[in-house]
Amino acid sequence: MTDGIRIAGLRKVFADGTVGLDGVTFDAAPGEFIAILGRSGAGKSTLLRCASRLVEPTAGTVLLGGTDLTAARGRALARARAKVGFVFQQFNLIKSYTSLENVLVARISHRPWLAGLVGLWTDADRALARQSLEDVGLAGKFDTPVRSLSGGQQQRVAVARAFAQEPLAIFADEPTASLDPNLAATVLAMLRDYGRARGVPVLVNVHTIEHARRYADRILGMAAGRLVHDGPASELTDAAVEAIYATPKTATEDAA
Ligand SMILES: Nc1ncnc2c1ncn2[C@@H]1O[C@H](COP(=O)(O)OP(=O)(O)O)[C@@H](O)[C@H]1O
Ligand SMILES: [Mg+2]
């Protein structure tokens with residue numbers, strides 16, 4: 001159980017002047033599953049990357065587990081990043097490592113840094129990594145190199161890695177875009193169930209409106225780096241969807 005996450009005034013101006021995020025503010029409650037919709041270029045990826053410090057925000061705050069992630073520097077930054085389990089569209093696994101080794105990578109931030117670097121995992125780390133793989137239905141694949149797994153299995157390893165991080169929030173950036181619809185549904189259900197069971201907010205960028213309606217508690221709509229919709233998934237009308245996708249695409253520093 002966490003306090004949830006509070007994002008306030010989050011802004012990102014890229015080096016070329018593109019405004020990727022134009023002041024985004026919202027809270028996510030513990031266990032809440034939020035789907036973020038918006039057309040390509042709306043700022044969905046930039047939101048999740050800035051909120052987890054994978055990309056440096058220009059302004060704003062992100063409160064998670066009692067700390068402001070945007071204020072962390074040096075070693076504290078690595079610890080701050082580790083509070084968010086991030087699931088990528090392209091999995092971002094180490095292909096030559098086994099499933100278990102990939103999931104153990106998530107434990108680095110929980111070990112003294114040198115022990116993590118040389119792979120001195122504790123029995124508790126290994127037990128948690130195995131449990132996480134079991135939780136995503138990969139109990140038989142601990143020692144299989146990731147490169148010989150299917151795409152759906154690889155994404156489940158990535159989800160297990162996020163779980164093994166014992167995160168205070170999970171962000172997933174189009175995690176199902178390279179999966180077939182059945183696997184996509186399985187992965188979304190796993191993320192939702194994990195969040196509910198642990199009281200961890202889960203933010204997912206999705207491109208399938210049906211999936212957003214079916215799995216999310218709440219839907220945020222983004223356009224031109226701003227939030228243009230916020231409401232319960234059960235009340236998402238076709239008109240609201242049209243409005244989210246109709247809004248012009250890019251903001252620039254001049255127009256802002
Ligand atoms: N590194 C970058 N440099 C300049 N502009 C960028 C960079 N990354 C993203 N953008 C721009 O920021 C805006 C938001 O992009 P993004 O967050 O990737 O949108 P989405 O994920 O909704 O498709 C777009 O206009 C995109 O072109
Ligand atoms: Mg994106």
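Let's start with helix α6. It covers residues 151-164, 14 residues in total, and reaches 20 Å from first C-alpha to last. That is close to the 20 Å expected at 1.5 Å a residue, where the expected span is 1.5 Å times one less than the number of residues. Helices here are DSSP runs of H or I, at least four residues, and strands are runs of E, at least two, numbered from the N terminus.

A word on the source. This is a predicted model, with local features needing pLDDT of at least 70 and side-chain atom pairs counting only at pLDDT 80 or more, while totals for chains, interfaces and linings use all residues. Residues are numbered from 1 along each chain as written, chains are lettered from A and ligands numbered from 1 in written order, and side-chain values use heavy atoms, without hydrogens or water.

Back to α6. Of its 14 residues, 13 are buried, meaning under 20% relative accessible area with a 1.4 Å probe, protein chains only. Just after α6, Glu166 takes a positive phi of about 50°.

Next, the cores. A nonpolar core is a set of buried Ala, Val, Leu, Ile, Met, Phe, Trp, Tyr and Cys residues joined through side-chain atoms within 4.5 Å. The largest has 48 residues, and those touching the most other members are Phe33, Leu133, Val157, Leu191, Val204 and Ile219. Another core lies apart from it, with 27 residues, including Ile7 and Met222.

Last, the sheet. It is open, with 4 strands in the order β2-β1-β4-β5, paired antiparallel. Pairing takes at least two DSSP bridges. The edges are β2 (19-28) and β5 (67-68). Strands β1 and β4 share 5 bridges. Arg6 has Leu63 in β4 as its bridge partner.

Methods
Buried means under 20% relative accessible area, exposed over 50%, partly exposed in between (1.4 Å probe, protein chains only).
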